[in-house]
Amino acid sequence: MIVESVPRVWREKKYKYRLIGSRCKSCGSTFFPPKAACKKCGSRDLEEIELPKRGKIITYTVVRSPPRGFEYLVPYVIAIVELEDGTRVLTQITDVNPEEVKTGMQVEAVFRKLKEQSRSGIIEYGIKFRPIR
Amino acid sequence: MRNVYVIGVGMTPIREHWDKSLRNLLAEAIARSADDAGISLRDIESIYVGNMSSGYLQGQEHIGALVATQLGLIGVPACKIEAACASGGMAFHQAFLSVASGMYDCVVASGVEKMTDAITPDVTVALIMADDQEYVANYGATFVSLNALVYRYYMEKYNVKQEDIALFPVHCHRYAQNNPYAQYRRAVSLEDVLKSPLIADPIRLLESAPIGDGAASIVLCSENFIREKGLSPEVLVQVAASAAATDTLSIHEREDISTLTASIKASRKAYEMAKVEPNDIDVLEVHDAFSILGILHLEDLGFAEKGKGTVLVKEGELEVGGKIPTNLFGGLKARGHPVGATGIYQIAEVFLQLTGRAGKSQVDGATVGMAQNVGGVGSTVVVNILKRVR
C-alpha cells in the first residue's frame, strides 16, 4: 500500500484476520474477496461466510525481486491455494524452505505479520498459509 | 458507425531517456504522428493518452491537459485512459469510438510511460497496482510472480517444457534487430535466456519485458477529414475492428488459470466486426510481457490449440514467411514495454506493415494486421484490427 492508511487496514481486518468471503445464496458459488454480485448467475443476494482454513497448493512461485517493503523476506513463496470448499485464495506460504514447496502440498492458515507501513506506520496483520506437518 | 482510418503514426525510440521527461516524450510522439499524417497539430480535435503510472512514478496526473499545454493546443479536449498495461490499446479504442460516433473528425490516440525516473523496487510497486491491492499485492505478490503462477500451472497442465516456452523471447530479440525504435536491438540465444537470473520461478530475466521510457501516437480520422483536407494517402488503412473485454482482476478467481478468457472474448468480437478469421491475419502483434504470455496469446487468439502454442514458435511459423508472422518489431520483450505506450506502439507497427514501411521485417502484401494489448494478467484485453483498403 502506497498511501499509509489506518482506516483501510481497520475496515479490511475482518476479511483478512478471519478469511471472510462471500457465497451466492442463489447458486452457491463462493468468492474471496467478497463480491457485490455473483459472476456465475448474476444474483446480488450474497452472504458473508467464513472460509475453510485448510487447502492445497494449485501453483506457486518464489519471489526474488520484491516490491518496496518486502525486501527482508526474499526469497518468499507466493501461491494460489484451493481451500477445502473449492474457493481459491492468493497467499504467501510461510514457515517453509522455498525449495520444499510443491504443487498439491497440503497447507493451513496461520496468523502472521503481513507488512509494516513504513518505520513509523502501523503494522498490518493477516493470514498466510504453512505446510501441514 | 462511420468508417475510421489511420493516417499517420509517430514513435520515440524506447530507451532510458534520462534527458527527457514524460511531457517531452509524449509531445514528441504526437508531433511526429501529425507530421507523418501530413496534418497540422491544429487539426487535432481530441487527444487520448494511454498511461498507467504517471501518478505514482512522476507524481503527475492530469496528463491530458499537460500535453495539450505542451503542444499549444489550448482548448482541445484531452484525457488519460488507464487500463494498466492495456492503457494504450484502450486509448486507441476510445479514440476510434469518438470518430466512429461522428463526434470528431480527427483525433490522436497516444501513449506514454516514463519508468526510469524510479528505481526497480518502486517500478515493481507501480506494476502490481494492475492487480488487487487489498487482497493480492498485500501478500507481497509482484506482477512477475502472478505470471509465474500462470507459467508453472501451464507447464504442469499441458506438460510443456520451459526450453520451448523460452523460444518466444529468442524470436522477438531476433526481429528487434531490424527495428530502430527497439530498446534491445540484439539477438539472444536460448541458452542466454535459460541462464539469465530468476525473477520469480520459473520466470527468468530474459523472459520478462524490460523497464524503459517511450511514447507513441496515432492519428485517426474520418472519410470527411481526408476529403476536406485534400489528403491522398497512397495506401489507405482502415480500422476494421476495435474490441475490448475484461476478466477477473486476479487470476485465483478464474476457473482455468492458463486461459485468458478476455483474450478469447475480445478477439472473437474483433474477428466478427472485421469479418475475418484468424487465418486472414497477415501480421500479428501480441502482448508478450512474459514468454509464457506470448504462448498463451497464440492459443487464446485462435492460432493454436491449448497446450500447442510453442509448436508455432518451434516450427518458425511466427517468422516472415510463416503462417502467422508475429512480433516482427521485437514485441514487448525486445522492442520494449513502456507500459501505457505499448498498445500504441503495437498498432503503429501494424500500420507500418500495411503501408509497406516495415523495412527488413516487411511481410510482402500484408493487408490485414491485428494487435492484442493486455492489462494485468489478462484482466483487460483490447484487440484492434487494421485493414488496407486501398
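A: Nine strands of chain B form an open sheet with mixed pairing, in the order β3-β2-β4-β7-β1-β8-β11-β10-β9; strands here are DSSP runs of E with at least two residues, helices are runs of H or I with at least four, both numbered from the N terminus, and two strands pair if DSSP finds at least two bridges between them. The edges are taken by β3 (78-81) and β9 (283-285) of chain B, each of which has a single partner strand, so that one side of each is left without a neighbour in the sheet. From one strand to the next the twist averages 25 degrees, where axes are lines fitted to C-alpha atoms, for helices over the stretch in contact, and angles between N-to-C directions run from 0 to 180 degrees.

The model is predicted, so local features need pLDDT of at least 70 and side-chain atom pairs count only at pLDDT 80 or more, while totals for chains, interfaces and linings use all residues. Residues are numbered from 1 along each chain as its sequence is written, and chains are lettered from A and ligands numbered from 1 in the order in which they are written.

Within the sheet, strand β2 (residues 46-50) of chain B runs parallel to strand β4 (residues 106-113) of chain B, and five bridges join the two. One residue to look for here is B:V49, which stands opposite B:S110 in β4(B). Helix α1(B) packs on the sheet, where α1(B) touches β1 (5-11), β2, β4 and β7 (214-221) of chain B, and the direction of α1(B) makes about 135 degrees with that of β1(B); contact means that the C-beta atoms of two residues, placed from the backbone, lie within 7 Å. Another helix, α11 (residues 261-274) of chain B, lies across β8 (237-246), β10 (368-375) and β11 (380-388) of chain B and runs at about 150 degrees to β8(B).

Helix α1 (residues 22-37) of chain B also has a helical partner, α3 (residues 63-70) of chain B: the two axes come within 9 Å and cross at roughly 65 degrees. Their crossing is right-handed, a term for the near helix being turned clockwise from the far one by less than a right angle, with anticlockwise giving left-handed. On the α1(B) side the contact is made by B:L22, B:R23, B:L26, B:A27 and B:I30, which meet B:I63, B:L66, B:V67 and B:Q70 in α3(B). Sorted by class, the residues of this contact are seven nonpolar, one polar and one charged, with Ala, Val, Leu, Ile, Met, Phe, Trp, Tyr, Cys and Pro counted as nonpolar, Asp, Glu, Lys and Arg as charged, and the others, Gly among them, as polar.

Other helices of chain B can be described by what covers them. In α8 (residues 167-176) of chain B, nine of the ten residues are buried, that is, with 20 or more other C-beta atoms within 10 Å of their own, against 12 or fewer for exposed and partly exposed in between, all C-beta atoms being placed from the backbone. Among the buried residues of α8(B) are B:F168, B:H171, B:C172 and B:Y175, and the buried residues of this helix pack against α7 (162-165), α9 (190-195), α12 (291-300), α13 (309-314) and α14 (331-334) of chain B. In helix α5 (residues 120-128) of chain B, the buried residues are B:V123, B:T124, B:V125, B:A126, B:L127 and B:I128, and their cover includes α2 (54-57) and α6 (143-158) of chain B.

Taken as a whole, chain B has 15 helices and eleven strands, and buried residues make up 63% of its 390 residues. Its C-alpha trace spans about 60 × 45 × 35 Å along the principal axes. Of the contacts in chain B between residues at least 6 apart in sequence, 77% join residues at least 24 apart.

Beyond chain B lies chain A, and the contact takes 28 residues from chain A and 30 residues from chain B. On the chain A side, β4, β5 (76-83) and β6 (88-93) of chain A give two or more residues each, with the largest share, six residues, coming from β4(A). In strand β4 (residues 54-63) of chain A sits A:T61, which is buried because 30 other C-beta atoms lie within 10 Å. Leaving aside residues up to four places away in sequence, A:T61 touches A:I78 together with B:S145, B:A148, B:L149, B:R152, B:A200 and B:D201.
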